[in-house]
Amino acid sequence: MPIRVRCWRPNRSRTRRRRGPNAPVVMSADNLKVWFPIKRGLLRSTVGHIKAVDGVSLAVRKGETLGVVGESGSGKTTLGLALLRLISSDGPIVFLGSSIQGLRFKDMLPFRRDMQIVFQDPFGALSPRMSVGDIVAEGLSVHQTSLSYEERDTRVVKALRDVGLDPETRFRYPHEFSGGQRQRISIARAVVLEPNFVVLDEPTSALDMLFQAQMVDLLRELQRKRDLTYMFISHDLRVVASLASHLIVMRHGKVVEEGPARGAVQESEERLHPRAVRRRVQSRSSRPAWSRSSRGRAGLATFERRLSARRGRAPAAACAAALPPVAGLLPPCAAPVTKLPAI
Ligand SMILES: Nc1ncnc2c1ncn2[C@@H]1O[C@H](COP(=O)(O)OP(=O)(O)OP(=O)(O)O)[C@@H](O)[C@H]1O
Ligand SMILES: [Mg+2]
């Protein structure tokens, strides 16, 4: 008689809203390894290994964001894929209290809904033959088969609204969107299932500075609203530190440093550019007295306001109120976009 393995599903109501150092661990791994074989010769014999992930141990708590930084090829994506059991690995992985290492495809299914990934390349991750609505609803049709068409559509509309896209976009196709909008579609696809744990693999790397900031705000807002736990991968320490509570730094598949994200940017700056930081500190202390007094600063603010008025710039808040969202897809701009006449 075949033995049936019953997978435990977490009690969502009990795991909600407990944060901080005593919050339950959502995802943990101990001495995790992913070694890819290097094959050579006619018989394709293994002559060595690429140690993409080599003995990584970590734990991510509920509501926390674990930032993963490291140079290109250091094993960040491979680590994310291994934790979600999308590639095979060696070493225990515990998700929401259950060991998931070695589970068969069928036994992994109940956990899949609770763990999602936003891939590094949003265009490659979205099927060009499917409409945005079908892409976002795909997970629902696999994991929540009992939903009616209307219920599924309501969930898709809500997910698209949550990521700042007009719900009418669900009838369009991925090639009709910009990189940033495609990344939002990928995020909508991940959050529509109301997961516990989301791996965000460089969701901001293809975006310019303004959209990077908007994306970080969006992710923070989603985390707050939907009580998500993130693993945020990037090679930009500043972007990671703005969202993460804890950081690990990877190099050649190993964790070479870890600690709280607060202050990490300043510390790394000090280590990399000690002279520049010293100069900045000196220039701050040698600032003129007027700039240190509140009256002086108020004067400077008035001057800047007049200058931007002469340049034809509207203050950011006024601009956001005046401009409609771009084709109803994006939230109003946070920075002036009016054309600047020369002064
Ligand atoms: N399927 C694979 N087969 C063989 N080697 C692989 C495979 N996938 C990744 N690697 C190797 O594993 C190492 C880590 O790759 P990974 O994609 O995890 O790096 P990364 O830190 O995400 O880099 P990037 O910042 O450029 O995305 C690289 O040396 C890569 O060549
Ligand atoms: Mg990568």
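1. Start with a term: two strands pair if DSSP finds at least two bridges between them. Strand β4 (residues 93-95) and β5 meet that condition, pairing in the antiparallel sense over two bridges. Within this pair, valine 94 stands opposite serine 99 in β5. Keep in mind throughout that this is a predicted model.

2. Now place that pair in its sheet. Four strands form an open sheet, in the order β2-β1-β4-β5, and the pairing is antiparallel. β2 and β5 (98-99) stand at the edges with a single partner strand each, so one side of each has no neighbour in the sheet. As background, strands of a sheet pair through backbone hydrogen bonds, either parallel or antiparallel.

3. Look next at serine 98. This residue is found in strand β5. Is serine 98 buried or partly exposed? A residue needs 20 or more other C-beta atoms within 10 Å to count as buried, and 12 or fewer to count as exposed. Serine 98 has 15, so serine 98 is partly exposed. Serine 98 also sits 9.7 Å from valine 26 in space, C-alpha to C-alpha, although 72 residues separate them in sequence.

4. Six strands form an open sheet in the order β6-β7-β8-β3-β9-β10. Here the pairing is mixed. The edge strands are β6 (115-118) and β10 (254-260), and each pairs on one side only. From one strand to the next, the twist averages 15°.

5. On one side, β3 (residues 65-70) runs parallel to strand β8 (residues 229-234), and five bridges join them. Valine 68 has isoleucine 233 of β8 as its bridge partner. For valine 69, the bridge partner in β8 is serine 234. β3 is also joined by five bridges to strand β9 (residues 246-251), again running parallel. In that pairing, leucine 66 stands opposite histidine 246.

6. How many of the six residues of β3 are buried? The count is six of six, so by the cut-off of 20 or more C-beta neighbours this strand is mostly covered. In a regular strand the side chains alternate between the two faces of the sheet. Both faces of β3 are covered. Thr65, Gly67 and Val69 are buried on one side. Leu66, Val68 and Gly70 are buried on the other.

7. Two helices cross. Two packed helices are described by the angle between their axes and the distance between the axes. The axes of helix α5 (residues 132-143) and helix α6 (residues 149-162) come within 10 Å and cross at roughly 115°. The crossing of α5 past α6 is right-handed. Which residues meet there? From α5 come Gly133, Val136, Ala137 and Leu140. From α6 come Arg152, Arg155, Val156, Ala159 and Leu160. By class, this contact has six nonpolar, one polar and two charged residues.

8. Check the ligand site. Ligand 1 is surrounded by 13 residues. Which are the closest? They are Phe36, Ala52, Ser72, Thr77 and Thr78. β2 (45-61) and α2 (76-83) each supply at least two residues of this shell. The largest share, three residues, comes from α2. By class, the shell holds three nonpolar, nine polar and one charged residue.

9. Finally, inspect two backbone angles. Arginine 85 has a phi near 60°, a positive value in a residue other than glycine. Arginine 85 lies in the loop between α2 and β4. With 19 C-beta neighbours inside 10 Å, arginine 85 counts as partly exposed. Glutamate 202 also has a positive phi, near 50°, and is likewise a residue other than glycine. Its place is in the loop between β7 (197-201) and α8 (209-226). Is glutamate 202 buried or exposed? Glutamate 202 has 22 other C-beta atoms within 10 Å, so glutamate 202 is buried.

How values were computed
Residues numbered from 1 in each chain as written. Chains lettered and ligands numbered in written order. Predicted model: local features only at pLDDT ≥ 70, side-chain atom pairs only at ≥ 80, totals over all residues. Near = placed C-beta within 6 Å. Nonpolar A, V, L, I, M, F, W, Y, C, P; charged D, E, K, R; others polar. Axes fitted to C-alpha atoms, helices over the stretch in contact; angles between N-to-C directions. Left-handed = near helix turned anticlockwise from the far one by under 90°. Contact = placed C-beta atoms within 7 Å.
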